[in-house]
Amino acid sequence: MDILIIVLASILIGSLGQIALKYGMIRTKIVGTREIVKNLFKVFTNFYILLGIAIFAASSFVWLYSMTRLDISFMYPLVSIGYLFVTLFAIIFLKERVSLKRWAGLSLIIIGSLLIMVGV
Amino acid sequence: MSISKVKEKGKTKTIILVLVSVLIISTAQVLMKNGMNMITLDGLSSLLNLYNLIKIISNPYVLGGLIMYSLALVLWLGAMSRADVSFIYPLLSTGYILTTIFAIVFLSEQVSLFRWIGIGFIFAGTFFIGKS
């Protein structure tokens, strides 16, 4: 399989992990780092947070695999494709609202990622 | 203090929280890449072999990177509980510049002008998002 597709798959899976984590944090109703540290047990026994971590683990191994084939200065900026994935998932699953300015920013990010992918 | 001022203060704190985790993540990426440069894997299916997973995790650079990641994860959860993902996720892009500089300095990677321009676009994009 083409290594570029594998990197993009890792980023897509990672974005799903983000959404699971965010959804889990909404469910725990815990706000702020201090509250998280106080409620570590509650945070790390939440189903969606555990699911998010499991998805992250899977995504990380695919990411590490890609590292054996590609430069990190090529791979890492491509994580920005995740902005698009996360925003789309946030709209669909979390009902977040996205302004026109954010869409403009996302467009620049997409152009940048494409330049990196095409430019070698 | 007005409600908007309280919100503004919270926003600054969220940004600082994310930037600290970005520094940790960039360092972790370079450490993991350095570790993976020492490992040979046949194909993607090699990840289904437990022996290979242990080989990856037991590399001290990869392990160190993963530990730093879990540290950053706690900071991320803190940031995520304060703001929308679609707001904080773009802040991650300051890490692209940092990771690229680290890759040049510590891993002697060659970065083309094209790649820098791409990173520039990404950074400009996040600026827009930060202002939205």
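## Reading helix angles

Angles under 35 degrees count as roughly parallel, over 145 as roughly antiparallel, 65 to 115 as roughly perpendicular, and the rest as oblique. Keep that in mind as you look at this predicted model.

## Helix α1 beside helix α6 in chain A

Let's start with helix α1 (residues 3–28) and helix α6 (residues 81–94) of chain A, whose axes come within 9 Å and cross at roughly 40 degrees. α1(A) and α6(A) are therefore oblique to each other. The crossing of this pair is right-handed.

Which residues of α1(A) and α6(A) meet? From α1(A), the contact includes A:L8, A:I11, A:L12 and A:K22, while α6(A) brings residues including A:F85, A:F89 and A:F93. By class, this contact has 13 nonpolar, 4 polar and 1 charged residues.

## Helix α1 beside helix α4 in chain A

α1(A) also packs with helix α4 (residues 47–67) of chain A, at an angle of about 160 degrees and with the axes 8 Å apart. α1(A) and α4(A) are therefore roughly antiparallel to each other. Here the crossing is left-handed. The contact of α1(A) with α4(A) has 18 nonpolar, 7 polar and 1 charged residues.

## Where the two chains touch

Now for the contact between the chains: chain A gives 45 residues to it and chain B gives 49. On the side of chain B, the elements that give two or more residues are α1 (3–36), α2 (50–57), α3 (60–80), α4 (85–88), α5 (94–107) and α6 (113–131).

Of these, α6(B) supplies the largest share, 13 residues. The side of chain B that touches chain A has 30 nonpolar, 13 polar and 6 charged residues.

Definitions and conventions:
Residues numbered from 1 in each chain as written. Chains lettered and ligands numbered in written order. Predicted model: local features only at pLDDT ≥ 70, side-chain atom pairs only at ≥ 80, totals over all residues. Contact = placed C-beta atoms within 7 Å. Helix = DSSP H or I, 4+ residues; strand = E, 2+ residues; numbered from the N terminus. Nonpolar A, V, L, I, M, F, W, Y, C, P; charged D, E, K, R; others polar. Axes fitted to C-alpha atoms, helices over the stretch in contact; angles between N-to-C directions. Left-handed = near helix turned anticlockwise from the far one by under 90°.
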